Amino acid sequence: MAFLNHNGRTICYRMLGDSQKPLLMLAHPLGMTQGVWDDMLPTLLPKFRVLTWDLPGHGASGAWPETAGEITPEDLAQETLALAKEAGVSSFHFAGTSIGGVIGQQLIAAHSEQLEIATLTNTGAIIGTAEAWSLRAANVREKGLVAMAGEIVPRWFGPNACQEQPALLDGWKVIMGRGDANSYALLCEMLGKADFREKLHGHRVPLLLIGGSEDLATPPESLKALAQFSGASDPVILDGIGHVPSVECPQTLASQLLQSLS
């Protein structure tokens, strides 16, 4: 685990593997941490150097400063680029889930020259509605993340994962509850405004889209629409999987990544 000071706050990250291998950067979903990628690392590290990090106010990264105002997709893209610079590379492979996929879309739209290949999972050109995200942000600020985790976390995983791992929901409720409520709320408000429907035309980044058949937050239709907006091939839809394939089927997702990046 390492730390980078960037624009007045601290980013917690991990740089793993051989520095001579291509860099793969992995961006985690809202409310979770970089730990979502752990079960994929044994498969990825023989081929890549892997960099993971915690979003603002998540895991061990510092909260978004209250004086800094709103968070934008470009803010998160700049954090990604700062970490890539710390790794000493000018271009990299990228994979992101949910809000991590929003970071990926911003990189494609504004910094495509630094992307080698991108994989976006369980995301969309728009996610949900502005009204729903505003309501969630308000509830998080009023009630706190511990109280809201009981409502939010069950939406992350498909029925199979919950049956196979009885403590899965309880564990992630604990992790979500430890985050910074204001940072989370600001990210909700960012998602309510983010719209990439007209921003991804004509890019030249090889792009793989992956979704889950049981994903309530970004259902397969969201990935299919993103494919149309971005010019990508039809998405791979993983049967029986919810919103977080890196947790629910890490080996399957790792295999998809290796196939797309080879």
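**Aromatic cluster, central sheet and helix packing**

Trp 156, Phe 157 and Trp 172 form one aromatic cluster in this predicted model. Two aromatic pairs are found in a search of the whole structure. In the pair of Trp 156 with Phe 157, the ring centres lie 6.2 Å apart and the planes stand at 80 degrees; planes over 60 degrees apart count as edge-to-face, so this pair is edge-to-face. Both of these residues, Trp 156 and Phe 157, are buried. Trp 156 also pairs edge-to-face with Trp 172, at 6.5 Å centre to centre and with 75 degrees between the planes. Because Trp 156 is located in the loop between α5 and α6 (159–164) and Trp 172 in helix α7, this pair ties together parts that are 16 residues apart in sequence. Trp 172, like Trp 156, is buried.

Helices α5 (residues 145–152) and α7 (residues 168–177) are also packed against each other. Their axes come within 8 Å and cross at roughly 145 degrees, and the crossing is right-handed. On the α5 side, the contact involves Leu 145, Val 146, Ala 149, Gly 150 and Ile 152, which meet Lys 173, Met 176 and Gly 177 of α7. By class, five nonpolar, two polar and one charged residues make up this contact.

The model contains an open sheet of eight strands with mixed pairing, in the order β1-β2-β4-β3-β5-β6-β7-β8. The edge positions are taken by β1 (2–6) and β8 (236–238); each has a single partner strand, so one side of each is left without a neighbour in the sheet. On average, and with direction ignored, neighbouring strands of the sheet are turned by 25 degrees against each other. Strands β1 and β2 (residues 9–16) run antiparallel and are joined by five bridges.

Within helix α3 lies Gly 101. Its relative accessible area is 0%, and this residue is therefore buried. With residues up to four places away in sequence not counted, Gly 101 touches Gly 96, Leu 120 and Thr 123. The C-alpha atoms of Gly 101 and Thr 123 are 5.5 Å apart in space, although the two residues are 22 residues apart in sequence.

Conventions. Residues numbered from 1 in each chain as written. Predicted model: local features only at pLDDT ≥ 70, side-chain atom pairs only at ≥ 80, totals over all residues. Heavy atoms only, no water. Axes fitted to C-alpha atoms, helices over the stretch in contact; angles between N-to-C directions. Helix = DSSP H or I, 4+ residues; strand = E, 2+ residues; numbered from the N terminus. Left-handed = near helix turned anticlockwise from the far one by under 90°. Contact = heavy atoms within 4.5 Å. Nonpolar A, V, L, I, M, F, W, Y, C, P; charged D, E, K, R; others polar. Pairing = 2+ DSSP bridges. Buried < 20%, exposed > 50% of the residue type's maximum accessible area, 1.4 Å probe, protein only. Phe/Tyr/Trp six-rings, centres within 6.5 Å; stacked < 30°, edge-to-face > 60°.
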